[in-house]
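Me: Could you walk me through this one before I set anything up? I'd like the overall picture and then some of the side-chain detail.

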Amino acid sequence: MNIRSIATRLAGGLAAVLLSLPVSLPGAQAQGRFPDRTITIIVPFAAGGPTDVVARQLGEAMGRDLGVSVVSENVTGAGGTIGGQRVAQARSDGYTLLLGNIGVATAPSLYRNLPYDVLKSFDTVGLITPVPMTLVARPNIPAANLPELVAWLKRPGAEVNIGHAGLGSASHLCATLLRSLLQTPMTPIAFRGTAPIMTELMAGRLDLTCDQTTNTVPYIQDNRVRAFATTTDQRLAALPNLPTAAEGGLPGLTVTVWHGFYVPAGTPRPVIDRLSQALRTALADEKVVTRFAELATTPEPADRATPEAHRALLEAEVARWRPIIQSAGEYAD
Ligand code: ASP
């Protein structure tokens, strides 16, 4: 064996050894065997609320597909932007996801000092579910239906408060829409999510809120809060007796809350694709489909649970909300 062939054999052996070692570069490792540990979904609102419920349902199903645990962590405050910041600053390795709702698209216009750029700081994974909202009140509110509620809200000298989950959150947008449709003042009160709002409503300490069905359906079904309308064009199968806002005389109160998963920008594409695949699998999971139906919502179809469809909607929504918020001239900071 000459020196040359020894060198070649050594090099070959070395290559074989290198190939069998775990790859330790962060990016390459993520691509090579992603995922190999727990994935965390950052829920930017309170535990037990509508976003949290969606995250927990999906986390379980995605975990089954990915073969690792997918857990939720509630990082609350400032209309969801504290949680957004956490994910924007996380490692781009696919182990930290943000479950954001429509508020992700309003934040750049509302928060002039937002510490991240929604369009540049995140990569999109896919859309999750378009959730209807419901207008609900404390159980002892002196109104039996929407026209009576409107009359009560507009009565001279009325002092009414309406809870929301922070500026730019879905409940804030819905409350703002309601106030502008009725042209009547109401005092908005901010919470870290709409789960604590339900407690306040049940205790009679708060008058009103507008919240996603993924939170409100069980409360409405048990008469723990009083429901007045859905924000959808059609009645909801899970709440067949609840009229739409249009049926109750408020056709302009239409809101649907889209949700999507985000990862920090720069996450390797194969990692995003794996997460997106797990999302689509979870959205087709029988348990998820059934629970979503019970909560009056539907999984996004597979062609919308993709990074591209999600990106297109995000860009369109950021552009749609900017002039609306700018002309209202109300900023969060
Ligand atoms: N329903 C909230 C919102 O208004 C979010 C939450 O509490 O999950 O966006």
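This is a predicted model: local features need pLDDT of at least 70, side-chain atom pairs count only at pLDDT 80 or more; totals for chains, interfaces and linings use all residues.

Me: Fine. How many helices and strands does the protein chain have?

Reply: The secondary structure of the protein chain comes to 13 helices and eleven strands.

Me: And what share of the residues is buried?

Reply: Of the 333 residues in the protein chain, 52% are buried. As for the contacts with a separation of 6 or more, 79% of them are accounted for by residues 24 or more positions apart.

Me: Now helices H3 and H12, at what angle do their axes cross?

Reply: The axes of helix H3, residues 50-66, and helix H12, residues 286-294, come within 10 Å of each other and cross at roughly 170°. Angles over 145 degrees count as roughly antiparallel, and H3 and H12 are therefore roughly antiparallel to each other.

Me: Which residues make that contact?

Reply: On the H3 side the contact is made by Val-54, Gln-57, Leu-58, Glu-60, Ala-61 and Arg-64, while H12 contributes Lys-287, Val-288, Arg-291 and Phe-292.

Me: What about Ala-293, where does it lie?

Reply: Ala-293 lies in helix H12, and with a relative accessible area of 46% this residue is partly exposed, since partly exposed covers the range between under 20% for buried and over 50% for exposed. The C-alpha atom of Ala-293 is separated by 9.7 Å from that of Thr-214, although the two residues are 79 apart along the chain.

Me: Changing topic: how many aromatic pairs are there?

Reply: The structure holds three aromatic pairs. One of them is Tyr-116 with Phe-122, whose ring centres are 5.5 Å apart and whose planes stand at 65°, so the pair is edge-to-face.

Me: Are Tyr-116 and Phe-122 buried or exposed?

Reply: Both Tyr-116 and Phe-122 are buried, and together with Tyr-262 they form one aromatic cluster.

Note on methods:
Residues are numbered from 1 along each chain as its sequence is written. Side-chain values use heavy atoms; hydrogens and water are left out. Axes are lines fitted to C-alpha atoms, for helices over the stretch in contact, and angles run from 0 to 180 degrees between N-to-C directions. Helices (H or I, at least four residues) and strands (E, at least two) are DSSP runs, numbered from the N terminus. Angles under 35 degrees count as roughly parallel, over 145 as roughly antiparallel, 65 to 115 as roughly perpendicular and the rest as oblique. Contact means heavy atoms within 4.5 Å. Buried means under 20% relative accessible area, exposed over 50%, partly exposed in between (1.4 Å probe, protein chains only). Rings of Phe, Tyr and Trp (its six-membered ring) pair if their centres lie within 6.5 Å; planes under 30 degrees apart count as stacked, over 60 as edge-to-face and the rest as tilted.
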